[in-house]
2 protein chains.
Amino acid sequence: VKPLSECTVAVVGLGLMGGSLAGALRGSCRAVLGVARRPGTAARAERLRLVDQGTTDETLALPQADAVILATPVRTIIRQLDRIPPLLRRGCLVMDLGSTKAQIAAAMAQLPPHVHPLGGHPMCGKETSGIEAADPTLYRNRTFILTPLDRTPDEAVTLGRSIVAAAGARPLILDPIRQDRLAATLSHLPYLLACALVLTADATTSKDPAAWEIVASGFRDTTRVAGSNVTMMLDILLTNREAVLEAASTFRTVFDELIGLTSDASEAPLRASLKASRKERRRMFP
Amino acid sequence: VKPLSECTVAVVGLGLMGGSLAGALRGSCRAVLGVARRPGTAARAERLRLVDQGTTDETLALPQADAVILATPVRTIIRQLDRIPPLLRRGCLVMDLGSTKAQIAAAMAQLPPHVHPLGGHPMCGKETSGIEAADPTLYRNRTFILTPLDRTPDEAVTLGRSIVAAAGARPLILDPIRQDRLAATLSHLPYLLACALVLTADATTSKDPAAWEIVASGFRDTTRVAGSNVTMMLDILLTNREAVLEAASTFRTVFDELIGLTSDASEAPLRASLKASRKERRRMFP
């Protein structure tokens, strides 16, 4: 089995996540190839020294790869998993960076036996997107979830771990369905809340010019993730619908209860809920 | 009329907000006196050089003051406005830092004519609280809302503006009811959403040890304000109930619509809403 240092790695999709990972892996592999949809992106990735070689032609890049990392939106990944196998070498590792894993795992299970699938989900990001925002340090000290399938051989998991380690991240092996349920509450629901809060402000206060002078850091932080890439988030929501709806339903019950206590001016139970929330937040982020 | 440099300023309540403002004003006034409930806090404020003199005895500090700044939770401010007038000099400015202004303005309207009321609401804060967290630079470059009453004389507004300027903040004159409505959407609703999100995570994922390894910066930022001081926030919610309930109701309509589109997998309108939210967020925070 080849070590990562002797592997050619192809990153498909040179946005924030793919461009950053490519840049992080350069130097740890024999070569990092970047595949972009637009020639300008491929050229820019080369110029920014994020890849050794950039191209728009997957039929050129993928046959050379010992590992292919799909860094596109989730539903694009699912289409690519269907399309690329004929281009891949025997034993090629097929990884992805998609934020939802159950539907990708199902698509990976259909891959032909000559390639080795491994789901991936790095716990990092920014509210900016595109190759311009790429940053090779983005993955450093972050958790990088890996979701192997039953069919994934140990050596493919080992190569996946080497890729994670080379980016400076910490691997965490998780079941895809469990990861999707956790991500629904900890990532996808917060995104929907942030969007709804921005739209609420837009509907109520944005006509008042004073609003933008008084908007404080609390609003800025609470809504930060509403700036995320829309195509990426849309794919996430639509491929993790059930878990997102379940998390949203729990949220609504909790929120309605807080609003009910406020409406009734039920001071003691409202204080208890706010205290419990503060305590839990401090436990999460000491 | 005395300029601020010749004024003795008494700050009542030496938590994060009061302690920080006291520290910011020291040097710009004749003296900054600090009144705390606990002797330890008064002593600590002196030791941290946030005040020239700290005491627990308002009957000692307030009669010396040309300006009194109430930096306690909103409902405490309302009780203090009832209690302190006999201690105050003729012409004394009575300001506050409470986050809701309508009920405070109503209480200020009842002050005897020998003192001059001026509502205040600085747009800053931290998720930490207490004198330990005080920071004289907290107000720098922030908006500081001032809500004068009809009865407030110009010279009292001028002194209030000098206090704001000495702290490095920008004054913004606003009507109390208008400020409360804006703050409900831009500050109080985000707090309730953050609390409800933390409690949702607590109810669903916190039993899973993987949750705390994967929790990403999006969740951390979205929930930051849930760490705010509970007594302060409780007073805010209970003194701005109507505006908070109205903002929450608008939010629920918007959120339910996003969830409905997700549930129906209505791709085009869901994308349009997420795009509108992203665009608006970018307009707010370019």
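**Figure 1. D66(B) is a buried residue in a salt bridge.** In this predicted model, D66(B) has a relative accessibility of 10%, so the residue counts as buried. Its partner is R89(B), and the closest N and O atoms of the two are 2.8 Å apart. R89(B) is partly exposed, with a relative accessible area of 32%.

**Figure 2. E58(A) and R83(A) form a salt bridge in chain A.** The closest N and O atoms of this pair are 2.9 Å apart. E58(A) lies in helix α3, which covers residues 58-61. R83(A) lies in helix α4, which covers residues 74-83. The pair therefore ties together parts that are 25 residues apart in sequence. R83(A) has a relative accessible area of 46% and is partly exposed.

**Figure 3. R220(B) and D221(B) meet through their side chains.** Their contact is a salt bridge of 3.6 Å, N to O. R220(B) is partly exposed, at 37% relative accessibility. D221(B) is buried, at 14%.

**Figure 4. A network of salt bridges links R75(A), D235(A), E267(B) and R271(B).** Two of its members carry the chain letter A, namely R75(A) and D235(A).

**Figure 5. F251(A) and F255(B) form an edge-to-face pair.** The structure holds eight aromatic pairs over all chains. In the pair shown here, the ring centres are 5.7 Å apart. The planes stand at 65°, and an angle over 60 degrees counts as edge-to-face, so this pair falls in that class. F251(A) lies in helix α11 of chain A, residues 241-263. F255(B) lies in helix α11 of chain B, also residues 241-263. The pair therefore joins two chains. Both F251(A) and F255(B) are buried.

**Figure 6. F251(B) and F255(B) form a stacked pair.** Their rings lie 5.6 Å apart, centre to centre. The angle between the planes is 15°. What separates the two residues along helix α11 of chain B? They are four residues apart, so about one helical turn lies between them. F251(B) is buried, and F255(B) is buried too.

**Figure 7. Four phenylalanines form one aromatic cluster.** The members are F251(A), F255(A), F251(B) and F255(B).

Figure 8. Of the 286 residues in chain A, 60% are buried. Among contacts with a separation of 6 or more, 69% are between residues 24 or more positions apart. Chain A exposes about 11,300 Å², with 49% of that area supplied by carbon and sulfur atoms. There are 34 positive and 28 negative side chains in chain A. The centres of these two sets lie 4 Å apart.

Conventions:
Residues are numbered from 1 along each chain as its sequence is written. Chains are lettered from A and ligands numbered from 1 in the order in which they are written. This is a predicted model: local features need pLDDT of at least 70, side-chain atom pairs count only at pLDDT 80 or more; totals for chains, interfaces and linings use all residues. Side-chain values use heavy atoms; hydrogens and water are left out. Rings of Phe, Tyr and Trp (its six-membered ring) pair if their centres lie within 6.5 Å; planes under 30 degrees apart count as stacked, over 60 as edge-to-face and the rest as tilted. Buried means under 20% relative accessible area, exposed over 50%, partly exposed in between (1.4 Å probe, protein chains only). A salt bridge is a side-chain nitrogen of Lys or Arg within 4 Å of a carboxyl oxygen of Asp or Glu. Contact means heavy atoms within 4.5 Å. Accessible areas come from the Shrake-Rupley method with a 1.4 Å probe; for residues, only the protein chains shown count as cover. Lys and Arg count as positive and Asp and Glu as negative; His and the chain ends are not counted. The place of a charge is taken as NZ of Lys, CZ of Arg, CG of Asp or CD of Glu.
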